[in-house]
Amino acid sequence: MSASPARVAVLISGRGSNMQALAGEQGDVYRIALVASDRPDAAGLAWAREHGLHTFALSPNGIGKAAYEAALDVALRDAGAEWIALAGYMRLLSDAFVARWRGRIINIHPSLLPKYKGLDTHARAIAAGDAAGGCSVHIVTEELDGGQVLGRAEVPILPGDTPESLAARVLIEEHRLYPAVLKEFVRS
């Protein structure tokens, strides 16, 4: 006898390629309960709907962060979400929101944390002369990209790499790493 799959909400802001990778691996360990976005025009929402996933979209523009997060929280709870996976979600969550979901939110970040928190990670790794870039999955805390790292994947930085060429190779590793780490995370 096994437990029901964990119910995961995936938050996106764009095309949702990591959400698609997570959706492709759902099964006995986790199921996607909701795909939510702060951008109603996010391409990933259309993909999610086409694949039978429940969606929620609301822009915080004009209503403010507190009202947006309150509506998001209601949508997450109405969908029965137990866990949240940020997948290209480009909005900083408030400390209050993180506190409500403490220990149940993870994020995929395109650097080898603790290096290069925030944006422009590939350009920063190349400019620093690093031998490798990569991605990390971490627990979300109030500190930007500062939570416990649960998994990492390294990608060599090649001569002549641009931020775009490195990003394309890192994305392949993100799609491999994120579902594997999510499975372990929801089992713990």
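User: Which handedness does the β-α-β unit made by E1, helix H1 and E2 have?
Analyst: This model is predicted, so local features need pLDDT of at least 70 and side-chain atom pairs pLDDT 80 or more, while totals for chains, interfaces and linings use all residues. Residues are numbered from 1 along each chain as its sequence is written, and side-chain values use heavy atoms, without hydrogens and water. Helices (H or I, at least four residues) and strands (E, at least two) are DSSP runs numbered from the N terminus, and a crossover is right-handed if, with the strands pointing away from the viewer, the path from the first strand over the helix to the second runs clockwise. The unit formed by E1, helix H1 (residues 17–24) and E2 is right-handed.

User: In which sense do E1 and strand E4 pair?
Analyst: Two strands pair if DSSP finds at least two bridges between them. E1 and strand E4 (residues 83–86) have four bridges, and Val8 stands opposite Trp83 in E4. The sense of the pairing between E1 and E4 is parallel.

User: Why is the pair of Trp83 and Phe185 assigned to its class, and which class is that?
Analyst: Rings of Phe, Tyr and Trp (its six-membered ring) pair if their centres lie within 6.5 Å; planes under 30 degrees apart count as stacked, over 60 as edge-to-face and the rest as tilted. The structure holds one aromatic pair. Because the ring centres of Trp83 and Phe185 are 5.0 Å apart and their planes stand at 65 degrees, the class is edge-to-face.

User: Is Asp145 buried or exposed?
Analyst: Asp145 is found in the loop between E6 and strand E7 (149–156). Buried means under 20% relative accessible area, exposed over 50%, and partly exposed in between (1.4 Å probe, protein chains only). Because its relative accessible area is 10%, Asp145 is buried.

User: What is the relative accessible area of Asp120?
Analyst: Asp120 lies in the loop between E5 and H5. Its phi is near 55 degrees, a positive value in a residue other than glycine. Asp120 is exposed, with a relative accessible area of 58%.

User: Which form, cis or trans, does the peptide bond from Leu113 to Pro114 take?
Analyst: Most peptide bonds are trans. Pro114 has its place in the loop between E5 and H5. With omega near 15 degrees, the bond from Leu113 to Pro114 is cis.
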